[in-house]
Each structure stands twice: as structure tokens, then as C-alpha cells.
Amino acid sequence: MKSKIHHQPNGGNNGVVSSNDNGCRSESPSPPLSPNRRILRRQRRQTLLRASSFSLRRNLRYLLLLPMIYASGLLMCVGPFSGLVGWVYVPGSVYRSPEFYRKLKDDILSDNSTALELSSVWKFKRRPKMPKPCPNSTVSSHFGLNRESSALAPSSGYLIVEANGGLNQQRSAICNAVAVAGLLNAVLVIPQFEFHAIWKDSSNFGDIYDEDHFITSLEGYVKIVRDVPDEIMTRFSYNVSSIPTIRVQAWATVNYYNGEVYPVLKEHGVIRISPFANRLAMSVPPYIQLLRCIGNYKALKFSSPISTLAEKLVDRMVEKSSETGGKYVSVHLRFEEDMVAFSCCLYEGGRAEKSEMDAIRQKSWKGKFKRRDRVIRPDLNRVNGKCPLTPLEVGMMLRGMGFDNNTSIYLASGRIYQPEKHLAPLQEMFPCLYTKESLASPEELAPFEGYSSRMAALDYTVSLLSEVFVTTQGGNFPHFLMGHRRFLFGGHAKTVIPDKPKLVLLLQDMEMRWEVFKKEMKLMLGESDRKGVMVPRVRKINRKTSIYTYPLPECECIFHLSSNFSTTGNIQNLGALHPTSNLMNSARL
């Protein structure tokens with residue numbers, strides 16, 4: 001196409017003034033020449049190249065800026081997605097505690113100048129309230145109790161539950177089952193225990209708890225039987241799996257049980273709920289909460305073999321603690337092989353440890369830890385306080401808090417991961433270190449070997465009656481134990497709960513002096529005490545906290561009802577040494 005050339009009238013030059021070398025104006029400029037087509041094409045290409053180059057440079061700035069913004073956001077959030085951008089160092093994420101200990105070892109072992117007096121370690125003392133008896137109206141109005149005949153109204157059927165998990169998860173299921181039976185006006189069959197691949201304990205209810213005591217303690221509240229009667233079982237060909245099984249939602253409400261479960265129970269006369277862990281909401285009517293209290297603190301008593309040996313262990317701990325007036329500290333240490341594997345944390349074992357833990361996870365939990373959406377970050381687990389404390393870390397923490405080398409320590413634990421390596425430094429810091437294995441003879445422990453729940457029951461008893469209880473990892477064991485100690489001691493029992501995110505930062509500071517670390521540990525102890533006093537305010541109608549961890553005020557009156565609490569043996573003597581001895585004197589498992 002031919003370019004059009006526009007001539008301006010009156011000699012116009014499109015506003016361009018031309019001049020010659022003499023600075024004179026041209027009065028009659030010549031019309032412009034027609035441009036060459038090749039030149040036009042070249043000019044157009046150059047213009048397009050300059051425009052695209054400018055646009056590219058401008059867009060390139062944004063292209064470079066966006067990844068930087070994205071990476072910065074990931075680093076600030078440091079969440080699960082941070083695994084996508086590589087291994088980012090986070091302060092406190094590396095396990096350097098052995099190096100920290102080697103640096104301060106001489107100072108730690110020689111320092112007994114600020115030893116805590118166990119008799120004054122719990123500085124928030126109050127006069128314990130004497131428990132009031134449970135009001136008769138509460139019991140009689142809701143359970144149809146006839147005080148003269150001790151008979152209940154006709155039941156709506158039989159309730160079978162299967163409790164799973166370890167000792168205290170099973171305990172929770174049992175107490176919830178008692179409450180549900182009362183709610184549905186059902187006859188409760190002695191709960192069955194599910195065999196778990198992790199705990200590998202084939203114990204029955206009667207192996208761990210006193211069945212007769214459980215049945216008699218709940219008379220007048222919930223009827224308990226050992227087996228479903230033959231006239232019921234014949235309808236199901238004596239096959240338990242043929243009984244209607246209901247899968248109840250977690251934390252089910254009272255309305256759910258009344259609307260969904262009760263009609264099935266009335267229709268068939270028997271139902272089975274499996275699994276039965278955390279299947280009842282914490283917020284229930286007071287009379288249902290009362291059943292939980294009775295089940296936990298009155299009806300559940302360890303079987304005779306367990307309680308007999310447990311009392312011996314307590315007596316021996318008191319004797320071993322003569323230099324501290326019979327007082328001792330119990331530490332719940334979760335540094336067993338399966339717990340280390342489940343936490344996905346790394347310590348100082350390198351690739352060999354990682355391969356070993358990967359194999360254990362695959363064996364016990366199959367592909368749970370290999371799902372595509374699961375990002376395993378051991379460093380972040382440590383920073384967030386999710387890694388089990390090692391015996392070495394527990395020892396340094398307690399020595400920093402002021403517990404000296406004369407303090408008697410009872411270690412409540414399963415088999416420690418690589419015990420020869422990890423227990424040695426704790427033994428150095430606390431020579432008076434004991435376990436059930438060191439307190440009991442092999443012959444005494446033989447009936448309990450291979451039964452994790454029975455062994456845990458021994459630890460539970462000795463820890464329950466300690467002057468100070470130290471929890472290091474959380475879980476059902478410490479939550480139940482803290483609640484039981486609050487119940488026995490009027491809400492005031494010393495528990496040390498470490499601030500693990502703060503602790504891992506301190507243990508990685510190779511420039512820190514022992515005096516500075518001690519100061520930080522004293523602050524941590526004071527904060528633990530402060531939180532221990534702050535028992536959540538409970539609204540009985542709308543409870544959100546666990547009644548097993550915070551049993552007051554609903555369970556206060558149970559102490560008055562508890563016939564299994566009586567003075568006996570050296571447990572009574574231990575109670576006389578406790579700040580709240582007027583309550584402890586009447587405490588017995």
C-alpha cells in the first residue's frame with residue numbers, strides 16, 4: 001500500500017521550523033520526499049523491538065519480585081508448606097543438648113547452693129475446702145433410687161462397650177460408659193478391652209481393676225453385670241458381633257444419645273458401641289457428670305496384685321527419700337522408642353537413627369507418615385514443643401530449677417530409647433534415681449512383664465502420691481494424674497509443666513552461662529506454678545474442659561461417698577508429710 005503524503009496549505013511544515021547554517025528561516029520549504037519502503041519497514045521493526053524490550057524489562061521486575069514475595073511469606077509463616085522450599089534453619093530447631101551439657105557439666109554437678117526444700121516447693125498453699133456430701137435430691141431424682149430397697153427403675157436394655165488405647169484412655173472410656181449407661185437407664189456390661197497393635201496388652205478388665213469393687217461401688221447408680229444374660233444372647237446365637245453395633249460420633253451430646261441411640265436400645269434390648277473412646281461430650285447435665293466422678297474416683301480400684309505391689313513401691317520410695325523427709329519427685333518421661341518414632345523428631349543419631357525411626361513408623365502405623373499431604377519437619381516439631389524431652393534435658397531443667405543431687409526421682413516410663421546412652425547423664429545429675437524395675441525384684445515384676453497397662457498402673461500409683469509431679473510430653477497419663485492429684489489434695493498438688501519452646505532455645509545457646517540458665521529455669525518454674533493455680537472456671541451447664549483433668553467442683557462431694565479411701569500403712573505416713581495432709585491421710589487406692 002502506497003504511503004499517503006499530506007501537503008500542508010500555505011507552505012505549512014507540520015509545526016517544524018527548519019533553519020540553515022546562517023540561522024535564517026526558509027520562507028518556502030520544499031515538500032518532503034517520499035520515504036523508501038525498506039526504510040519504513042526497518043523503522044517499524046525497530047519501534048516494535050524497543051517497545052517489546054521496554055515491556056519485557058518492566059514485566060521482568062514483577063516476575064523476579066513475585067517469587068521473592070512468595071518465599072518471604074513462607075519463611076514468615078514457617079508452616080507445613082515450608083517443606084516445599086527446602087530445609088530452613090529455625091532457632092532452637094537443632095538438638096544440641098549434649099553439647100550444652102558437656103560445656104556446663106562441672107557447674108551443674110557442683111551446684112547445690114540453691115536447693116529447693118520440697119516441703120515449700122508449692123508456694124501457692126491454701127486451706128483446702130472440706131468436701132460437702134452429694135445432695136440426695138440429685139441422686140434420687142435422676143436415677144430413680146429407692147433408699148430403702150436400693151433398687152433402680154426397670155432398665156431399657158444392656159450396653160456393651162469396647163474400650164481402646166492405653167491405661168488412661170481405657171479409663172476414660174470406662175467412666176464415660178458408666179455415664180452413658182446412667183443416661184440411657186441401661187445395664188452396663190463390664191467393658192471389654194481392645195487389643196492394640198502399639199500397646200500389645202491382652203489384659204482384661206479384671207486384670208487391671210477390681211471387678212467386685214466396681215460393681216458394688218455403683219450400686220444405686222448404675223447396674224453392672226459381667227455378661228449379657230443367656231435369654232438375650234440366644235436371640236443372637238451367642239454371637240456378640242450379631243448384636244446391633246452403633247458407631248457413635250466423637251463427643252456426642254446428650255440429645256444425640258436420646259434421639260439416636262436410645263430408640264435402638266429399646267427396640268433390641270441390647271446394643272454394642274465400638275469403638276468407645278471420647279464418645280461423650282464434656283458438657284453434660286450435673287447428674288451425668290456425677291456418674292463420671294463416681295466411676296473415676298470411687299469405682300475404679302486397681303486389682304489386688306497391682307495395688308499390693310504399688311503400695312510396696314511407694315513405701316520403698318519413701319524409705320529411699322529419707323534425706324528429704326520421705327518426699328520424692330515423680331517424672332513422667334515419654335522417651336520410649338515408639339514415642340520418639342511417632343513424634344517424627346530427630347536427635348543425634350544421624351542417618352542411622354532416621355532409618356530406624358522410619359522403619360518403626362512403617363511397621364506400627366503403615367503408610368500414615370508417607371501420605372502426600374504430610375510434610376515431616378523434625379526441626380519445626382522441636383521448635384513447637386512437640387518433641388519428647390530426653391532424660392538429659394529433663395535433668396538439666398530440674399537442676400536449673402533448684403532440685404539438688406539429693407532429690408529422689410521416680411521415673412515413670414516404659415523402656416527408654418537407647419537407655420544406656422540417654423539415662424547416664426540423668427543418673428549423673430540425680431544419683432537417687434529409681435524406677436519400678438530398680439525398686440522391685442524380678443520375681444515381683446514377673447507377673448506384669450509384657451502387659452503395658454499393668455506396668456503403667458504401677459507408675460500411676462507411685463506418681464499419684466509424689467510430692468511433685470513432672471510431665472514432659474502430655475497425653476492421657478499426665479492429664480488423668482493431674483486431675484486425680486487435684487481431687488486428692490483439694491486442687492493443690494505440685495505439677496511442673498515445662499515451657500518446651502522456650503527450653504529448646506535456651507539449650508541451643510552455647511554462650512549461655514549456668515547462672516543465666518538457672519535464672520531462666522526459676523522463671524519457668526514460677527510460670528508453671530502460676531498456671532497451676534489458675535484452674536479454669538467451670539460452668540457446670542456448659543463445661544469445655546476435661547472433668548478428668550479438672551474434677552472440681554463437680555467431684556468434690558465424691559470424697560464423702562468414697563468407701564475405698566481409708567487410712568492404711570505407709571501411704572498414710574506419706575500423707576502426713578504432704579502440705580495438705582488432712583486430705584492425704586484419708587487417701588488410699
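Accessible areas here come from the Shrake-Rupley method with a 1.4 Å probe. On that basis, the protein chain in this predicted model exposes about 30200 Å², and carbon and sulfur atoms supply 52% of that area.

Some overall figures next. The chain has 589 residues, of which 48% count as buried. Its secondary structure comes to 24 helices and 11 strands. If you take contacts between residues at least 6 apart in sequence, 78% of them join residues at least 24 apart.

Now to one strand, β10, which covers residues 468-471. Both of its faces are covered: Val-468 and Val-470 are buried on one side, Phe-469 and Thr-471 on the other. Which strands does β10 pair with? One is β7, residues 329-332, in the parallel sense over four bridges. There, Ser-330 has Phe-469 of β10 as its bridge partner. Another is β11, residues 494-496, again parallel, over three bridges. In that pairing, Val-468 is bridged to Lys-494 of β11.

Last, a helix pair. Two packed helices are described by the angle between their axes and the distance between the axes. For α10, residues 304-320, and α18, residues 452-464, the axes come within 9 Å and cross at roughly 40°. Angles under 35 degrees would count as roughly parallel, and 65 to 115 as roughly perpendicular, so α10 and α18 are oblique to each other. Their crossing is right-handed. On the α10 side, the contact is made by Ile-306, Leu-309, Ala-310, Leu-313, Val-314 and Met-317. From α18 come Arg-454, Ala-457, Leu-458, Thr-461 and Val-462.

Terms used. Residues numbered from 1 in each chain as written. Predicted model: local features only at pLDDT ≥ 70, side-chain atom pairs only at ≥ 80, totals over all residues. Heavy atoms only, no water. Helix = DSSP H or I, 4+ residues; strand = E, 2+ residues; numbered from the N terminus. Buried < 20%, exposed > 50% of the residue type's maximum accessible area, 1.4 Å probe, protein only. Contact = heavy atoms within 4.5 Å. Pairing = 2+ DSSP bridges. Axes fitted to C-alpha atoms, helices over the stretch in contact; angles between N-to-C directions. Parallel < 35°, antiparallel > 145°, perpendicular 65-115°, else oblique. Left-handed = near helix turned anticlockwise from the far one by under 90°.
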